Amino acid sequence: MRRTRLAGALTAVLALALGATGCGDGGGGGNGSGSGTAPARGAAATADRVEPLAAPATPRLPVTVPSADGHPVTITSTERIVPLSGSLNEIVFTLGLGGKVVARDITATFEQAEKLPVVTRSHDVSAESVLSLRPTVVLAESTTGPAEAVAQIRDAGIPLVVVKPAKALGDVGARIDAVAAALGVPDSGTALGKRTQERIDAVRKGIPARGEKPRVAFLYVRGTAAVYLLGGAESGASSLLEAAGAVDAGKESGLTKDFTPITSEALAKAAPDAILVMSKGLDSVGGIDGLVRIPGVAETPAGADRRVVTVDDGVLLNYGPRTDQVLKSLVGQLYGEGR
């Protein structure tokens with residue numbers, strides 16, 4: 001229950017930001033208007049497409065699988081798949097079943113899905129929109145809501161499988177396996193999990209040895225929504241930062257929750273050498289110039305050096321088949337030439 005509440009807290013923040021800014025497509029430059037050290041586009045160059053398996057399997061159906069909300073679910077057809085999050089869309093397409101997907105979440109940012117109708121907005125699902133597409137199976141997150149909409153889809157007789165959220169690198173394989181099992185392609189899930197892990201391992205092997213690990217603070221900011229948060233142990237970014245050979249400055253400073261409002265005191269205690277921010281978040285505050293005007297940021301080592309690391313919104317915390325790209329981007333920006 002605690003994990004669900006924490007995930008729900010970030011979902012609420014994302015929903016607020018999306019509603020206030022219209023920023024939900026995960027694009028955006030991230031270079032802002034700042035001078036000095038400008039952030040790289042990070043994962044943007046590869047974030048607009050997914051790479052399906054070369055030899056996707058044909059679904060073996062029917063299958064009965066456990067749903068994370070306690071319901072056993074039997075799936076008899078995958079002809080019309082509706083994944084209710086960007087991350088789930090990404091997994092389905094990468095498994096090679098993208099041609100059977102008939103809808104997307106607003107955070108499904110990659111090119112193959114961009115023309116699909118949108119049926120959710122940051123986990124807030126429209127049951128009517130989903131049902132109008134006549135799905136044969138729906139994939140949801142533990143944080144998908146409202147509960148009444150989820151129940152309405154189930155009551156209509158549509159098989160709906162809830163997948164546990166991923167909060168760390170160790171969850172990637174299990175999440176892929178859960179989606180693959182629900183769609184009757186367990187062998188494809190095994191192959192995709194193996195490919196993903198091998199790519200993550202390859203990135204980690206290339207991390208340069210450093211005597212002192214860089215301290216990185218994850219800030220979730222949406223300027224037009226007045227949302228300014230500092231990530232802690234449960235933000236979802238800790239595992240990525242630690243895998244990149246860095247220290248999660250918020251977590252290390254004692255922040256045990258997911259997010260806490262940014263204050264000068266909290267930032268001083270975290271003392272980050274670099275700041276990680278989503279690219280649209282950086283755009284929303286006016287680039288690096290705007291970021292360092294947030295109280296307390298300029299006084300940190302990261303703010304003084306204008307050292308900002310950006311990754312596109314649509315991939316940063318997905319913990320899916322493109323996690324190696326996110327990790328590679330973090331490593332490149334943290335340890336690139338001149339760092």
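**Salt bridges and a parallel sheet**

Biologist: How many salt bridges does the count come to?

Modeller: The count comes to 13 salt bridges, a salt bridge being a side-chain nitrogen of Lys or Arg within 4 Å of a carboxyl oxygen of Asp or Glu. This is a predicted model, in which local features need pLDDT of at least 70 and side-chain atom pairs count only at pLDDT 80 or more, while totals for chains, interfaces and linings use all residues. Residues are numbered from 1 along each chain as its sequence is written, and side-chain values use heavy atoms, with hydrogens and water left out.

Biologist: Why is the contact of Arg175 and Glu141 called a salt bridge?

Modeller: The N to O distance between the side chains of Arg175 and Glu141 is 2.4 Å, and the rule asks for a nitrogen within 4 Å of a carboxyl oxygen, so the pair qualifies.

Biologist: What makes Arg175 and Glu141 buried?

Modeller: Buried means under 20% relative accessible area, exposed means over 50%, and partly exposed lies in between, with a 1.4 Å probe and protein chains only. Arg175 has 5% and Glu141 has 6%, so each of them is buried.

Biologist: How do you know whether Asp187 and Arg60, which also meet in a salt bridge, are buried, exposed or partly exposed?

Modeller: The relative accessible area is 49% for Asp187 and 48% for Arg60, so by the cut-offs both are partly exposed. Their N to O distance is 3.6 Å, and the pair links Asp187 in helix 7 (residues 186-205) with Arg60 in the loop between helix 2 (44-47) and strand 1 (63-66), 127 residues apart.

Biologist: What makes Lys194 exposed?

Modeller: Lys194 has a relative accessible area of 51%, which is over the 50% limit, so it is exposed. Its salt-bridge partner Glu198, at 2.5 Å between the closest N and O atoms, is partly exposed with 43%.

Biologist: Why do strand 3 and strand 7 count as paired?

Modeller: Two strands pair if DSSP finds at least two bridges between them, and strand 3 and strand 7 (residues 137-141) have three in the parallel sense, so they count as a pair. The open sheet has the order 3-7-8, and strand 3 (81-83) and strand 8 (160-163) stand at its edges, each with a single partner strand, so one side of each is left without a neighbour in the sheet.

Definitions and conventions:
Helix = DSSP H or I, 4+ residues; strand = E, 2+ residues; numbered from the N terminus.
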